Amino acid sequence: MSAAKTKTGVAARGSRSTNVIVPLKSKRRFYGHGIPGVDTSKLAGKLIVVEGADGSGRSTQIQMLVDWLESAGHSTVQVGLKRSTLVSEELDHAQDGNILSHTTLSLFYATDFADQLENIILPALRAGQMVLSDRYIYTLMARDIVRGMDEKWLKNLYGMALVPDAVFYLNVAPEELVQRTFAKYSTLDYWESGMDLGLSRDLFDSFLKYQALMLRAFKSLQSTYGFHIIDAHRPVELINADLRKKIEAVLTGHRVD
Ligand SMILES: Nc1ncnc2c1ncn2[C@@H]1O[C@H](COP(=O)(O)OP(=O)(O)OP(=O)(O)O)[C@@H](O)[C@H]1O
Ligand SMILES: [Mg+2]
């Protein structure tokens, strides 16, 4: 997390003569009931979400976006799943032991999200900062949908979430995800391979099946939540140029194509 450069998170006009976009104020709303007592008209910053499967390149792209935004005078804050100080350690323990039912695990994740929303995302937006979120409620919902949970219940639960200014889904074929994840970690993650679902005893096979199910779940959410699908098979720089163009449009209040 980086310190705010100015009160509004935007460098003063003139300090860098070019390239500084002063973000236009946008109308904000929650998906549903939201967080009680929050005045959305006071949230001057922008919330940009990067979604995608394990190994789709989220961290790579977010780091490049942070460098770009900061060099253009914006103050940035990064958030992601399972990063709350409140429950992230307990969540790890619960997952290691595989002791919770889907519903309680889901609510555990929702608690982690709510904590970060209330204590990091909303204060940062109030201070005019750019919040870059490595995944958001959609991954949580997709994981639960794949595990047979009720979509209406999930939509209601995540009605607490703020509608982001843009959501980018980095789309990578499962076969390529295997290559990237394996090259990075030399193994596949138990949960990201959906091993708890009993799709296959073989980790690779389970990973491919699980990622295909996750993709289907994301597609079912897309019509409601409107992600921008980004072809993330391309070279890192090309993807980033595409994201930067779209984020510039968000900052200047234009429609994102
Ligand atoms: N466009 C790309 N083409 C090829 N390889 C890439 C691309 N983007 C990222 N990679 C590589 O794929 C691996 C995963 O990238 P990265 O860590 O950014 O993904 P991630 O979505 O954050 O993964 P995780 O879910 O593990 O956090 C890294 O080794 C990275 O160098
Ligand atoms: Mg990452």
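A crossing of two helices is called right-handed if the near helix is turned clockwise from the far one by less than a right angle, and left-handed if anticlockwise. Keep that in mind as you look at this predicted model, where helix 1 and helix 8 make a right-handed crossing.

- Two packed helices are described by the angle between their axes and the distance between the axes.
- For helix 1 (residues 58-71) and helix 8 (residues 236-251), the axes come within 10 Å and cross at roughly 55°.
- The two helices, helix 1 and helix 8, are therefore oblique to each other.
- On the helix 1 side, the contact is made by Thr60, Gln61, Met64, Leu65 and Trp68, which meet Val236, Ile239, Asn240, Leu243 and Arg244 of helix 8.
- Sorted by class, this contact of helix 1 with helix 8 has 6 nonpolar, 3 polar and 1 charged residues.

- Strand 2 runs parallel to strand 3 (residues 130-134), and 5 bridges join them.
- Look for Val77, which stands opposite Val131 in strand 3.

- Ala212 belongs to helix 7 (residues 203-225).
- Ala212 counts as partly exposed because it has 15 C-beta neighbours inside 10 Å.
- Ala173 is 39 residues from Ala212 along the chain, and their C-alpha atoms are separated by 8.6 Å.

Conventions. Residues numbered from 1 in each chain as written. Chains lettered and ligands numbered in written order. Predicted model: local features only at pLDDT ≥ 70, side-chain atom pairs only at ≥ 80, totals over all residues. Pairing = 2+ DSSP bridges. Helix = DSSP H or I, 4+ residues; strand = E, 2+ residues; numbered from the N terminus. Buried ≥ 20, exposed ≤ 12 C-beta atoms within 10 Å, placed from the backbone. Axes fitted to C-alpha atoms, helices over the stretch in contact; angles between N-to-C directions. Parallel < 35°, antiparallel > 145°, perpendicular 65-115°, else oblique. Contact = placed C-beta atoms within 7 Å. Nonpolar A, V, L, I, M, F, W, Y, C, P; charged D, E, K, R; others polar.
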